[in-house]
Amino acid sequence: MIKNYFKIAWRNLLKNRLFSFINIGGLAIGMAVSFMLLIYVYNEFSFDKNNINAARLYKVMRNQPSNGEVMTGDATPVPLAPAMKKDFPEIDRVVRINWVYPRLVNYKEKGLKLPAMAADAQFFNLFTYKFIYGDEKTALADLSSVVLTESAAQALFGNINPVGRVIKLDQAFPLKVSAVVKDNPENSTFDFKVLINWDQVCAEQSWFKTSGWGNYSFKTYALLKPGASMDAVNAKLKNIVARYDPVNKENTIFLYPLLKYHLYSDFKNGVSVGGRVGNVKLFLWLAIGILMIACINFMNLSTARSERRAREVGVRKAIGAARASLVAQFMGESLLMAFISLAFAIGFIALLIPVFQNVINVKLLVPYNNPYAWLGAIGVTVFTGLIAGSYPALFLASFKPVKVLKGQLVQVKQVFNPRKFLVVIQFTFATCLILSSIFIYKQIIYAKNRPIGYDRFGLIEMPVDGVMDKRFEDFRRDLVNAGAVTDGAMTSMSIVSNGSNSWGITWQGQLPGEDKIPIDQMAVTYHFVGTYGVKLVEGRDFSKDYPTDTAAIILNQAAVKMMRFKEPLGQIVNYQGAKRKVVGVVENFTWGSPYEPVKPAIIAFMPGWTGNISLRLSPNKSISASLALIQDIYKKYNPDYPLDYRFTDERYNEKFSNEKVLGNMAISFTCLAIIISCLGLFGLASFSAEQRKKEIGIRKVLGASIGSIWVKLSQEFLILVSISFVLGSLLSWWTIRGWMSQFTFKTALSLWVFMVTLVLSLVVCMLTVSWQAIKAALMNPVKSLRSE
């Protein structure tokens, strides 16, 4: 019997090739997109789970009271790790890690800039890596040891075993390769290609070793012993700063599960309030939504062909077929089509996954070798087949044999409501996506076009490599004389990122507790104002004409307001252990989030703290010509290092990367939802035309024009789309309003967006149903009425 069912199903597919192609194709596309979204969700929820001891791994965090709020961060001081290991027996191991940044790595004549990181020797006791060469127990045992990832070793040495060979770091530090490990997984916290011993960095930069409790610049990870309780450890750990550093006793330390940090890294007043998990949940709901509208489309198209199967159902029932057997037959056909769709979906995934990765800007690990993933895919396929086939199976099995054998189908009023409801769901979902896409991009454009307080165009930035910290002024002078740039300056970091702040700053008239407020800071050299195009409100830039500027600072307007300086110029601020005089005030410039108010900031003349070079390109030359001159002159002063620059406006645009991903996803899925919804609407229009062909014939005989029949057939669909628009608008208004609440500066929920969406929906509806409506209106009434 089952074999017979599948034989009939296969024959029906071949008999109705166009219908089968549309139905299977729509379901396959919906399944492919849903599976790609689920792969993304899988990657996010499996972040850092490659570590064997992941359940016992914790990130060390700090809470810091500031101006009535609690700020949470993951930067910790150097002495914290040894103090934790000494004072808390529940802690098995603790590892310190510095930031990842590009460093020059040379082997013989080959030199590459690779992302490097330093860690304590016990790093591989906490984090799991597969060793290709070498031994994890001795990988970082020696001060001069260096561990390379597989791709870095391949780039430097080719296919040979590099263990024991000596490389040179930054042309100054010879290191011996002790091991080669597999590259970091894409869903991992770390992204280094070169790993060196923490003590090696201390040897390179002595201040690492002497860095005290007040310098929160590094990251710390802890591995608890089996059975140890995080809550119990946190209860004792929170007072460790007060014990060793009474000056900053307000700061509290706590452990936070590493497995949670990637998705739940946002904190408010010391409490986790979410993070990336919001986007992950959104993509999960998108996956479910796309799959559901694909199923609805399948239902509509299947039942649209009901008249073709009606006599078959009547004959089967007349010779004794039970309703259950008919339902089983049609569900079997649905499952067959679902599995055929799965095969096509896998092909679509193989083709589209690179495009999808570009859209979301994430490299995905596709679990081809995971049997549970395949079981999940089969389970989703069975579920899809059952859901998609349920309504058509029950609908077809409900036909009365006497009526269908006479050519009469079930009454229109009995079958239209469920189908209309399904189409309304489809277009409600599509309306939500259209509105979301427009408002997300409207918000991005609004934030991008807000004044940011400096000129980010025509500006490039590069790291201070090699001897550039000593030769910068000569380098800058030659560039200006060559006409490549108009100005240049050194800063501690890029102007697009405020990754540094300080507290313990005092000034005259300060209120109690204000010295505990973290203030953003940037160290700069001469020419800062001219290079960045920031606007001076009062005073001047740092200048060689004023020898006292070595102890000078510039404040932004937010800092002046916080310090309540009525006449800021000449004021003395105790900052970084010295009394510094305010020589200038600049307008607030966007340094952190473009969606939030600018925070108080101190810009200090401190050449020894700089690690970034900024150059203002000359408007009198083309960008390519200026870059060629910069390349030549850079080689003159720093021949051992490649010129590694980035445009500041590109770095600034990266601030909108999360919103861009949301926008790109929304647009992509909007187009997909519209296409699939239109297929469902097309199926409903086909069904309506089949049901009403005799009515249309009678109207034509009585003199109705083609236009009036077209209007009559189309108006019910316009009503359905209008209802969908109302429901989708209300739902979108609520969700977009909630999403925008996270931004201080946000665009308006403009009425024109809703109007454009309504017009677009109606146009798409008319284009979809018109072909069937006009086809039905042009039909010869003799054909539709000849059986009467």
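Reply: Contact means heavy atoms within 4.5 Å. The model is a predicted one. By that criterion Q200 touches L143, F173 and L175, with residues up to four places away in sequence not counted.

Me: Why is Q200 called buried?

Reply: The term requires a relative accessible area under 20%. Q200 has 7%, and is therefore buried. Its place in the fold is helix α6, residues 198-204.

Me: What makes F743 count as buried?

Reply: The relative accessibility of F743 is 5%, which is under 20%, so F743 counts as buried. F743 lies in the loop between α24 (706-740) and α25 (751-777). Leaving out residues up to four places away in sequence, F743 touches Q443, Y595, E596 and E659.

Me: How far apart are F743 and S593 in sequence and in space?

Reply: The two residues are separated by 150 residues in sequence, while their C-alpha atoms are 9.5 Å apart.

Me: How do you know that the end C-alpha atoms of helix α17 fall short of the span of a straight helix?

Reply: Helix α17 covers residues 468-482, 15 residues in total. At 1.5 Å a residue a straight helix would reach 21 Å, whereas the ends of α17 are only 18 Å apart. There is also a bend of about 35° at D474. Just after the helix, G483 takes a positive phi of about 80°.

Me: Which residues of α17 are buried, and against what do they pack?

Reply: The buried residues are M468, F472, F475, R476, D478 and L479. They pack against β16 (485-491), β25 (612-617) and α20 (623-637).

Me: Why can residues three or four places apart in an α-helix point the same way?

Reply: An α-helix has 3.6 residues a turn, so residues at that spacing point the same way.

Me: What describes the crossing of α17 and α20?

Reply: The axes of α17 and α20 come within 10 Å and cross at roughly 145°. The crossing is right-handed. On the α17 side the contact involves M468, R471, D474, F475, R477, D478, L479 and A482. On the α20 side are L629, I630, I633, Y634, K636 and Y637.

Me: How many residues of this contact are nonpolar, polar and charged?

Reply: Nine are nonpolar, none polar and five charged. Asp, Lys and Arg count as charged, so R471, D474, R477, D478 and K636 fall in that class.

Notes
Residues are numbered from 1 along each chain as its sequence is written. This is a predicted model: local features need pLDDT of at least 70, side-chain atom pairs count only at pLDDT 80 or more; totals for chains, interfaces and linings use all residues. Side-chain values use heavy atoms; hydrogens and water are left out. Helices (H or I, at least four residues) and strands (E, at least two) are DSSP runs, numbered from the N terminus. The expected span of a helix is 1.5 Å times one less than its number of residues. The bend at a residue is the angle between axes fitted to the seven residues ending there and the seven starting there. Buried means under 20% relative accessible area, exposed over 50%, partly exposed in between (1.4 Å probe, protein chains only). Axes are lines fitted to C-alpha atoms, for helices over the stretch in contact, and angles run from 0 to 180 degrees between N-to-C directions. A crossing is left-handed if the near helix is turned anticlockwise from the far one by less than a right angle, and right-handed if clockwise.
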